[in-house]
Amino acid sequence: MQKFLLFSSILLAPLAATPALNAQETVSHLPLPYAQPLVIAQDAVKADPFFLTRAKNLARQAAERENGGLSQYRAETSMYGPAIDSPHVENEDGSVTFSFKGGAPGFVSPTLETVATVAPAGIVTIGYNGPIRPAAAQPSEPDPTPGSPSFHSPGSISNY
């Protein structure tokens with residue numbers, strides 16, 4: 001037991017001595033005009049993550065209303081998970097457009113497609129709500145590749 005405690009304390013000592021990085025810290029060794037907040041991976045997201053979550057929920061709820069409520073319609077699972085993983089595009093005006101599929105509760109293959117844009121004020125505009133369109137009729141997005149600035153994650157549409 002003593003060997004375990006000694007080994008654990010040796011491994012954990014450097015972690016305890018290292019100050020935690022905070023996204024709001026500034027780089028203090030630079031002259032004042034050049035001091036900037038530290039950039040972390042989450043800073044790459046243009047939209048406020050709270051707005052993105054709210055927008056995702058508003059878009060999904062609008063599709064649920066348009067398609068007869070939850071007893072008749074369910075959106076694809078990405079519209080229930082983390083907002084960053086939902087199929088969305090952030091627009092220049094601050095709005096977010098979601099393009100997702102759905103169908104009857106318990107569907108195996110989706111039957112409906114919805115395109116909904118949520119403005120920063122929370123106003124939802126349904127651009128399309130109907131049968132799934134052929135791929136040629138859908139707006140084409142360039143295929144993002146890993147390492148490019150627009151790459152988000154497999155299966156999602158993002159415009160960063």
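This is a predicted model: local features need pLDDT of at least 70, side-chain atom pairs count only at pLDDT 80 or more; totals for chains, interfaces and linings use all residues.

Colleague: Happy to start with the strands. What makes strand 3 and strand 4 a pair?

Modeller: Two strands pair when at least two bridges are found between them. Strand 3 (residues 96-103) and strand 4 are joined by seven bridges and run antiparallel, so they count as a pair. One place to look is serine 99, which stands opposite valine 115 in strand 4.

Colleague: And what makes strand 4 and strand 5 a pair?

Modeller: Strand 4 and strand 5 (residues 124-131) pair in the antiparallel sense over seven bridges. Threonine 114, for instance, has asparagine 129 in strand 5 as its bridge partner. Five residues lie between the strands in this hairpin, and glycine 122 takes a positive phi near 95° there.

Colleague: Why is strand 4 called largely enclosed?

Modeller: Strand 4 covers residues 112-118, and five of its seven residues are buried, so the rest of the structure largely encloses it.

Colleague: Glutamate 113 carries a charged side chain, I know. Why does glutamate 113 count as buried?

Modeller: Buried means under 20% relative accessible area. Glutamate 113 has 1% relative accessibility, so it counts as buried.

Colleague: How do you know that the side chains of glutamate 113 and arginine 133 meet in a salt bridge?

Modeller: The rule asks for a side-chain nitrogen of Lys or Arg within 4 Å of a carboxyl oxygen of Asp or Glu. For glutamate 113 and arginine 133 the N to O distance is 2.9 Å, and that makes a salt bridge. The pair links distant parts of the chain, 20 residues apart: glutamate 113 is in strand 4 and arginine 133 in the segment after strand 5.

Colleague: What makes you say that the charged end of arginine 133 sits over a ring?

Modeller: One condition is that CZ of Arg is within 6 Å of the ring centre, and the other is an angle within 35 degrees of the ring normal. The charged end of arginine 133 is 3.9 Å from the centre of the tyrosine 128 ring and is counted as sitting over it.

Colleague: How many salt bridges are there by this rule?

Modeller: The count is two. Besides the pair above, glutamate 64 and arginine 60 meet at 3.2 Å, N to O. Both lie in helix 2 (residues 49-66), four residues apart, about one turn of the helix, and both are buried.

How values were computed. Residues are numbered from 1 along each chain as its sequence is written. Side-chain values use heavy atoms; hydrogens and water are left out. Buried means under 20% relative accessible area, exposed over 50%, partly exposed in between (1.4 Å probe, protein chains only). Helices (H or I, at least four residues) and strands (E, at least two) are DSSP runs, numbered from the N terminus.
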